[in-house]
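Please open the model in your viewer and keep the sequence panel beside it.

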Amino acid sequence: MVTRKTPAARIAFVAAFLVLALALVPAAFAGKGGKPGGGGTGGSGTISLRLLNSTDGLAHFGQRVTFDVSTSSTAYPWVTLDCFQGGVLVSHASNGIFPTSLGQTFTLGPTLSWSGGAADCTAYLQNWDSYSKRGTITTITSMSFHVYA
């Protein structure tokens, strides 16, 4: 016996398929910007380290830093700071570097993974404007520095 689907059943099937497809699209885009640089590089800008409580002009474990940034890519630049010891990620933090940001300061340890010692850090100047809609973060530029024990 052959059964035929009614037009209403076809419409319901197509609608269910479209709802499922639209629900999966944001998840597909979300993976694109998970790590710094995940969204690629774009725009132009500069980033430089500003030491907040250094006594010798060098970054040391436990001290506070921020970044001086300039970019025409976004009015709301963010900085993501990753620090490594022996190639192992020991610190990861992101802060907005704009006047209404809740915090523009980074502390160089301690973390659960970084209880002391030297580390090598990279700061990424980023545009997060597309994060809420497409899950992408675009890295504009980056800079690296050493943290002394």
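Start by selecting His60, which touches Leu108, Val147, Tyr148 and Ala149, residues up to four places away in sequence not being counted; contact here means heavy atoms within 4.5 Å. This is a predicted model, in which local features need pLDDT of at least 70 and side-chain atom pairs count only at pLDDT 80 or more, while totals for chains, interfaces and linings use all residues. Residues are numbered from 1 along each chain as its sequence is written, and side-chain values use heavy atoms, with hydrogens and water left out.

His60 is found in the loop between S1 and S2, where helices (H or I, at least four residues) and strands (E, at least two) are DSSP runs numbered from the N terminus. With a relative accessible area of 17%, His60 is buried; buried means under 20% relative accessible area, exposed over 50% and partly exposed in between, with a 1.4 Å probe and protein chains only.

Three strands, in the order S1-S2-S5, form an open sheet with antiparallel pairing, two strands being paired if DSSP finds at least two bridges between them. Strands of a sheet pair through backbone hydrogen bonds, either parallel or antiparallel. The edge strands are strand S1 (45-51) and S5, each of which pairs on one side only. Between S2 and S5, which run antiparallel, there are 2 bridges, and Val65 stands opposite Phe106 in S5.

Where is the disulfide? It joins Cys83 to Cys121, with an S to S distance of 2.0 Å, and the structure holds 1 disulfide (a pair of cysteine sulfur atoms within 2.5 Å). Cys83 lies in strand S3 and Cys121 in strand S6, so the pair ties together parts that are 38 residues apart in sequence. The torsion about the S-S bond is about 110 degrees, so this disulfide is right-handed; both Cys83 and Cys121 are buried.Stay on strand S3 (residues 77-85) and select Phe84, which at 29% relative accessibility counts as partly exposed. Phe84 touches Leu89, Val90, Ala119 and Asp120, not counting residues up to four places away in sequence. The C-alpha atoms of Phe84 and Ser113, which are 29 residues apart along the chain, are separated by 9.8 Å.

For the aromatic stop, colour the rings of Phe, Tyr and Trp: a search of the whole structure finds 7 aromatic pairs. Rings (for Trp, the six-membered one) pair if their centres lie within 6.5 Å, and planes under 30 degrees apart count as stacked, over 60 as edge-to-face and the rest as tilted. Trp78 and Phe98 form an edge-to-face pair, 6.2 Å centre to centre with 65 degrees between the planes. Trp78 lies in strand S3 and Phe98 in the loop between S4 and S5, so the pair ties together parts that are 20 residues apart in sequence. Trp78 is partly exposed, with a relative accessible area of 24%, whereas Phe98, at 11% relative accessibility, counts as buried.

Trp78 also forms a stacked pair with Trp128, 4.2 Å centre to centre and with 5 degrees between the planes. Because Trp128 lies in the loop between S6 and helix H2 (131-134) and Trp78 in strand S3, this pair ties together parts that are 50 residues apart in sequence. Trp128 is partly exposed, with a relative accessible area of 21%. Select Tyr76 and Tyr131 as well, and the cluster that ring pairs build from Tyr76, Trp78, Phe98, Trp128 and Tyr131 is in view.

End at Ser101, in the loop between strand S4 (88-96) and strand S5 (106-107). At 16% relative accessibility Ser101 counts as buried, and its side chain reaches the backbone oxygen of Gly96 at 2.7 Å.

Definitions and conventions: A polar contact is a pair of N or O atoms within 3.5 Å; within protein, one must be able to donate a hydrogen and the other to accept it, and residues adjacent in sequence count only if both atoms are side-chain atoms.
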